[in-house]
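Okay, thanks for coming, everyone. Let me put the model up and then walk you through how the pieces pack.

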Amino acid sequence: MSGGRQIGAIVKKDIIAELRTKEMVVSMFLFVLLIMVAFHYGFGTTTDFSPFAGGLIWIAFLFTSLLGLNRSFVHEKDEGCLEGLLLSPVDRPNIFFGKMIGNFIFLTIVEIIAVPLYLVMLNLSIRGSVPMFILAIVLSNIGICVVGTLLSTISINTKMRDMLLPLIYLPISSPILICAVTSTNGIMGGVTGEKFAPVISAMKILAAYDIMFLLVAYALYDFVIGE
Amino acid sequence: MKKAITILLGIGSVLLLTGIAYAFLVAPIAVDPNTGKEVFHQKILYFHVPVAETSLVSFILAAVFGALFLYKRERKYDFLSLAAVELGFMYGLLVEMTGMMWDKAAWGVWWQWEPRLTTYLILMLMYSGYFVMRSSIGEDSTKARFGAVYAIIAAVNVPLTFFAIRLIPSIHPILFDSSGAGLEGPLLVAFLVSMFGMTFFYVSLLLTRYQMFGVSEELDILKNQIGG
């Protein structure tokens, strides 16, 4: 099997498993909703959320992604599926790319439903360009899934298992949070001219982050997944 | 190696103390170019900056030793990598502490969310994860493998965090910019002496810690030989 087909097979397996149980997408979606309600009460009588719109969205998505990332490997480990994958003639980095793309798809599905909901329920609007907004989300999602998949493979092989993931994932993903918030805040606020420069730099850093960690994951996944 | 450590420690301590003594006794008190007032708290720089730079170097070394471990699979590289993370972490704590003192003296508050100290805070949290991760792994070989991988991931993340945080405007004084060093004459001498001192001091600590791992491993082997 070629590399592309190996990755495709793993993604397909994850999608079929998810379609049968629906537990990952549903629980992630409910979690996003719950965080939104928590924000409403957390900010008291505030009705204008627009100055920190990006922050709200990305805090919610980052924590939601944790839920899915943990799930994606707990499954494999508990059912002994990981051993099966390792024994099958699939290149190790392809296992990584397969799992990562699966996580990316699930997170994106949740976001496609959650973003409009956040916009409506918290009275937010996108004043800048919508394609830029989508690009910022996609770039951040790639980063979240690359680092998340890599680190959840590590955490699942320790005694603390899913307890460990937030401790190592949140600090490592902090550049994503900063850049995602900066760019989406700028785009949602509709800034132009000189004030738009940080948005562009943030997106550049996001792109650099994605590329660097894709390379790191490609080089190191062999050592992570077990020997 | 013991002799080398003692020599390095000696040179380091002497240089470091000389640098700091020189800064306090000989070098004039720096003058703020904006207000024209003397700023005594600037003197923390002769300690704060060498400590900060050593800790960054230490994290880079940890990643390099980690990569060497993954490549060569020799225990000594894992020991060196772990020692470098531990020392980098301790130095990082010192950076935070001295930075906070400076904040208090210059701005009147212990903590400002300004980019450099925040970067260090994130770094500290990142490497705390390293220790938690290592301690929750049973097997030594897995510990070393994951430790090396994590040290590399964290080191790759350092420059990215550095740039990301700079998107938010800073009020931290910039010491070295493209126009050269912001220190002149005796101030620069004091700074460089303490910088070299700190480097020697650091290397001696790193080697000592490395030796300690070797000794404790030997001890474990001996314990196993006599039945536990």
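**Between the chains, then inside chain A**

Let's start at the interface of chain B and chain A, where the rule finds zero salt bridges; a salt bridge here is a side-chain nitrogen of Lys or Arg within 4 Å of a carboxyl oxygen of Asp or Glu. Before I go on: this is a predicted model, so local features need pLDDT of at least 70 and side-chain atom pairs count only at pLDDT 80 or more, while totals for chains, interfaces and linings use all residues. Residues are numbered from 1 along each chain as its sequence is written, chains are lettered from A and ligands numbered from 1 in the order in which they are written, and side-chain values use heavy atoms, with hydrogens and water left out.

So what does the interface hold? Chain B brings 27 residues to the contact and chain A brings 31, contact meaning heavy atoms within 4.5 Å. The two chains bury about 2500 Å² between them, and 81% of that is on carbon and sulfur atoms. Buried area, by the way, is the accessible area (1.4 Å probe) that two parts lose on being put together, summed over both. On the chain B side, Ile153(B), Leu160(B) and Leu167(B) lose the most area to chain A, together 24% of what that side buries.

A quick look at chain B itself: six helices and two strands, running α-α-α-α-α-β-β-α from the N terminus. Those are DSSP runs, numbered from the N terminus: helices are H or I with at least four residues, strands are E with at least two. The C-alpha trace of chain B spans about 70 × 40 × 30 Å along its principal axes.

Axes are lines fitted to C-alpha atoms, for helices over the stretch in contact, and angles run from 0 to 180 degrees between N-to-C directions. Nonpolar is Ala, Val, Leu, Ile, Met, Phe, Trp, Tyr, Cys and Pro; charged is Asp, Glu, Lys and Arg; the others, Gly among them, are polar.

Over to chain A, and helix α5 (residues 92-121). Helix α2 (residues 23-42) packs on α5(A) at about 30°, axes 10 Å apart, which means α2(A) is roughly parallel to α5(A). That contact divides into 18 nonpolar, one polar and no charged residues.

Helix α1 (residues 3-21) of chain A also packs on α5(A), at about 40° with axes 8 Å apart, so α1(A) is oblique to α5(A). Its contact with α5(A) has nine nonpolar, five polar and four charged residues. Lys99(A) of α5(A) is among the residues that meet there.

And Lys99(A) has another partner: its side chain meets that of Glu76(A) in a salt bridge (2.5 Å, N to O). Glu76(A) sits in helix α3 (residues 53-78) of chain A, so the pair ties together parts that are 23 residues apart in sequence. Over all chains, the structure holds twelve salt bridges.

Notes:
Parallel < 35°, antiparallel > 145°, perpendicular 65-115°, else oblique.
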